[in-house]
Amino acid sequence: MRIAVLDDDPLQLELIDQVVRQAGHLCRLHHSGASFVQDLRRESFDLLLVDWEVPDLSGPEVVRWAREHLPPTLPIVFITHRSEERDLVAGLNCGADDFIVKPIRVAELQARIAALLRRAYPQAQEDVLEFGPYRFTQSTFTAEFHDQSVVLTHREFALAVLLFQNQGRLMSRDHLREAVWGQNSEVLSRTLDTHVSRLRQVLRLRPGQEYAISAVYGLGYRLDALGCTTPTDLDLTS
């Protein structure tokens, strides 16, 4: 999963970064509310960790912006020194899902993140995923379309599953590259485009079919459910 963090304290950012990465997630750090919102405009994330007090925009302002412009299911957690009931209520009312009170306890942060991700993305925990005529078995990296086996590489499989699990959601190019190839991999844009083109072909993910992948210029890709069609002359290995 990909997690964005906002905190103006370098030591707190370093601690959170270590905790998030040790849990196996990708982490993007931000020191100001303005840079955080700017990143949210062009990138996609699976969870946000937001400090209440930052120099330019307040945490509540950032959360309200996120709730107005980002998917409503995106988990958001406040990290704050505030612990009075009125502050917690105010934070929840502006759109946060949970609170972590400073000083941060590592085990608590790990548990809160894991719980929110399980709740927001339950399919990520399942081995067999089904979406209309598509079936993906994660333990064996096998894919089927209308009960016929589809030959995919491991990266093609991972990219397909990621898009299906986030259907209807714009996934940024960096998000897709980091999730499939790893954060430190130097993957050219055309490599991602080639993999998407291959998925369009072998999984029939294009207009006129049940699902289609669309490109959003300069941002990334989105998989949408378009409705039912009748399969004809399927060729799933070419």
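Predicted model: local features only at pLDDT ≥ 70, side-chain atom pairs only at ≥ 80, totals over all residues.

Q: Okay, sheets to start. In what order do the strands of the open sheet of four come?
A: The order is β6-β7-β8-β9, and the pairing is antiparallel.

Q: Which strands stand at the edges there?
A: β6 (128-131) and β9 (148-150) do. Each has a single partner strand, so one side of each is left without a neighbour in the sheet.

Q: And what holds strands together in general?
A: Strands of a sheet pair through backbone hydrogen bonds, either parallel or antiparallel.

Q: By how much are neighbouring strands of this sheet turned against each other?
A: By 25° on average, ignoring direction.

Q: Zooming in, how many bridges join β7 to β8?
A: Four, between residues 134-137 of β7 and residues 142-145 of β8.

Q: What about helix α6, which strands does it lie across?
A: Helix α6 (residues 154-165) lies across β6, β7 and β8. The helix runs at about 120° to β7.

Q: Switching to rings. How many aromatic pairs are there?
A: The count comes to 12. One of them is F136 with F157, an edge-to-face pair at 5.8 Å centre to centre, with 75° between the planes.

Q: Where do F136 and F157 sit in the chain?
A: F136 is in strand β7 and F157 is in helix α6, 21 residues apart, and the pair links distant parts of the chain.

Q: Are those two buried or exposed?
A: F136 counts as buried, at 0% relative accessibility. F157 is buried as well, with a relative accessible area of 3%. The cut-off for buried is under 20%.

Q: Which residues do ring pairs link into a cluster?
A: F131, Y134, F136, F141, F145, F157, F164 and Y211.

Q: Now the nonpolar cores. Which members of the largest one touch the most other members?
A: That core has 39 residues, and I16, F36, L48, L49, V50, F78 and L109 touch the most other members. Elements that each supply at least two residues include β1 (2-6), α1 (10-22), β4 (76-80) and α5 (106-120).

Q: What is L109 in contact with, leaving aside its neighbours within four places in sequence?
A: I16, V19, L49, I100 and I104. There's also a second, separate core of 29 residues, which includes L162, L163, L176 and V196.

Q: In which sense do β3 and β4 pair, parallel or antiparallel?
A: Parallel, over four bridges. L49 has V77 in β4 as its bridge partner.

Q: New topic: helix α7. How many of its residues are buried?
A: Seven of the nine residues of α7 (residues 173-181) are buried, so the helix is largely enclosed by the rest of the structure. They are R173, H175, L176, R177, E178, V180 and W181.

Q: What covers the buried residues of α7?
A: The cover includes β1, β2 (26-30), α6, β10 (171-172), α8 (189-202) and β12 (220-225).

Q: How do the axes of α7 and α8 cross?
A: At roughly 80°, and they come within 11 Å. The two helices are therefore roughly perpendicular to each other. R173, L176, R177 and W181 in α7 meet S189, T191, L192, D193 and H195 in α8.

Q: What follows α7?
A: G182, whose phi is positive, near 100°.

Q: Last one, the sheet of three strands. What's the order there?
A: β10-β12-β11, in an open sheet with antiparallel pairing. β10 and β11 stand at the edges with a single partner strand each, so one side of each is left without a neighbour in the sheet. Two bridges join β10 to β12, and S172 stands opposite G220 in β12.

Notes: Residues numbered from 1 in each chain as written. Heavy atoms only, no water. Pairing = 2+ DSSP bridges. Axes fitted to C-alpha atoms, helices over the stretch in contact; angles between N-to-C directions. Contact = heavy atoms within 4.5 Å. Phe/Tyr/Trp six-rings, centres within 6.5 Å; stacked < 30°, edge-to-face > 60°. Buried < 20%, exposed > 50% of the residue type's maximum accessible area, 1.4 Å probe, protein only. Core = buried A, V, L, I, M, F, W, Y, C linked by side-chain atoms within 4.5 Å. Parallel < 35°, antiparallel > 145°, perpendicular 65-115°, else oblique.
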